[in-house]
Amino acid sequence: MDFVSTRGGGEPVSFNEAFARGLAPDGGLYVPRHLPLLPQTILVEDALPYAALAWDFLSLFDSDHDSEHLVDIIDRSYGDFSDTMNAPLQQLADNLFVLELFHGPSLSFKDFGLQLIGSLFEDQIERTGVSINVLGATSGDTGAAAIHGLAGKKGAKVFVLYPEGRISELQERQMTCTGADNIYPIPIQGTFDDAQAIVKELMGDLAFKEEMRLSAINSINVVRILAQCVYYIHAFTQLPPDNRDDISFVVPTGNFGNIFAGWMVHQMGLPVDRFVVATNQNDILYRLFNSGEYKPDAVRPSHAPSMDIQVASNFERFLYYHNEKNAKATMAQMDQFKADGSIKIPNFNASNFAATRSTDEDILKNIRLVKEKYDYIVDPHTACGFQDLDLSSTHVILATAHPAKFPDTIRKAIGEAPTDPALEKLKNKEQVKYPVAATAAAVRQFLKENAI
Ligand SMILES: *Cc1c(COP(=O)(O)O)cnc(C)c1O
């Protein structure tokens, strides 16, 4: 399968090339040239083992690795999950299910994408003999997942900047207590935006990027989307037969990557009736799906910090399909967005979508309600999925993080906080981190001294 840019520039590229580039050269995002239909056998078989299903799905798109090699890459990515189902479906009530996506090594759904990205980087290094330095900035979950995807891998070093004191202690420990000597967590005195600005500046210096062989932890890599498609099918095949009509998937949403993956499998034939975009108080997507206008606001920090996003980078992919794959129209809209700071989408039709938004108060209320009603504890992101639920048909809510990652908010809601053995173990480990001054010059120097 070839991949093309949402803005139509450049030649189509193969799976490996789309993976290695991340962003297309014309600034667009890669999408598969066409979406194949899902083999019907995938949908009638009862819950295949996760790795087998991932192979069935990914081999539709990856024509670069031979099948045994792809088996190996997938096994390395998904063997390290604490639940043998990887993404188990829990039933809370007749029509209510929770898809638990937090059993990976860093306890958020981001492991599904970044474990595979880690294995593919490893494969690329073996194939090309060229080592890489991965550079990124994080406000928590992405950095932890990327670090766990690459910890201990030969030929790769990982440098992750984060704002000191502004991520939770457990999130910091997930990055600083890996024991792997190729991992460099870099606390800076500043905000997440400061950290990201430094990364952008260094990545934008193409000579430096090439000299250091820098790779990004890319939130827009098409491979992350493909990896995330798999658990929607896995969820479907775990549903009782009586619950397989009129299905809604409810997805706590920030960058629109997770929910877009679901919508893409739906285009490939997964029978889903509705996707519910669950936002927190940063509600740009809620407003979009109600008005057709895409207009960012200032980011307001919330109890669900991994969704504190205004410009949803994967939205461009949705726009491309909404334009019936017209790359010219998509590019014009993105240009207009850049110039005006907002776009009104003509004939906006998103009939498969609904949207909700939760204030911080709603988040606390939903955590409390779910505990009282179903004796189940959800994290603050997943709590947004329980907003305005109508259980007259089957709803599958995606649980995007383990509640033990956010003990303070959960305690505020229900007076107790869950624990997780993997996180408890981290509390006794020594932290290894490399504080660097919050300037591009200082980080550049640090990279020069420590890069592989
Ligand atoms: C990243 C993240 C989200 C948002 O996912 P998107 O793909 O950006 O929409 C939701 N919940 C948690 C816990 C996350 O880490």
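How many helices and strands does the secondary structure of the chain come to? The count is 19 helices and 14 strands. The model is predicted.

**The chain as a whole**

The chain has 452 residues and a radius of gyration of 21 Å. A compact globule with 452 residues would have a radius of gyration near 22 Å, so the chain agrees with that expectation. Along the principal axes, the C-alpha atoms fill a box of roughly 60 × 50 × 50 Å. Buried residues account for 58% of the 452 residues.

**The ligand and its surroundings**

Around the ligand stand 15 residues. Five of them come nearest: Lys110, Asp141, Gly254, Asn255 and Thr400.

Phe256 uses its backbone instead, with an N or O atom 3.1 Å from a ligand oxygen. Asn258 also contributes a backbone N or O atom, which lies 3.0 Å from an oxygen atom of the ligand. Taken alone, the ligand exposes 390 Å². The protein buries 96% of that area.

**Salt bridges**

Side chains of opposite charge can pair when their charged atoms come close. How many salt bridges does a search of the whole structure find? It finds 19.

| Pair | N to O distance | Helix |
|---|---|---|
| Arg173 and Glu169 | 3.2 Å | H7 (residues 169-176) |
| Lys365 and Asp362 | 3.5 Å | H15 (residues 360-374) |
| Arg411 and Asp408 | 3.7 Å | H17 (residues 407-414) |

Take helix H7 to begin with. Arg173 and Glu169 are four residues apart there, about one turn of the helix. Is Arg173 buried or exposed? Its relative accessibility is 11%, so Arg173 counts as buried. Glu169 is exposed, because its relative accessible area is 52%, and the cut-off for exposed is over 50%.

Helix H15 holds the next pair. Lys365 and Asp362 are three residues apart, so about one helical turn separates them. Lys365 is partly exposed, with a relative accessible area of 36%. Asp362 has 15% relative accessibility and therefore counts as buried. The cut-off for buried is under 20%.

Helix H17 carries Arg411 and Asp408. These two are three residues apart, and about one helical turn lies between them. Which label does Arg411 get at 42% relative accessibility? Arg411 counts as partly exposed. Asp408, at 59%, counts as exposed.

Salt bridges also link several residues together. Asp72, Arg76, Glu122 and Lys153 form a network of them.

**In brief**

The predicted model shows a chain of 19 helices and 14 strands. Salt bridges number 19 in the whole structure, including the pairs in helix H7, helix H15 and helix H17.

Definitions and conventions. Residues are numbered from 1 along each chain as its sequence is written. This is a predicted model: local features need pLDDT of at least 70, side-chain atom pairs count only at pLDDT 80 or more; totals for chains, interfaces and linings use all residues. Side-chain values use heavy atoms; hydrogens and water are left out. A residue is near a molecule or strand if one of its heavy atoms lies within 4 Å of it. A polar contact is a pair of N or O atoms within 3.5 Å; within protein, one must be able to donate a hydrogen and the other to accept it, and residues adjacent in sequence count only if both atoms are side-chain atoms. Accessible areas come from the Shrake-Rupley method with a 1.4 Å probe; for residues, only the protein chains shown count as cover. A salt bridge is a side-chain nitrogen of Lys or Arg within 4 Å of a carboxyl oxygen of Asp or Glu. Buried means under 20% relative accessible area, exposed over 50%, partly exposed in between (1.4 Å probe, protein chains only). The radius of gyration is taken over C-alpha atoms; the globule rule is 2.2 Å times the number of residues to the power 0.38.
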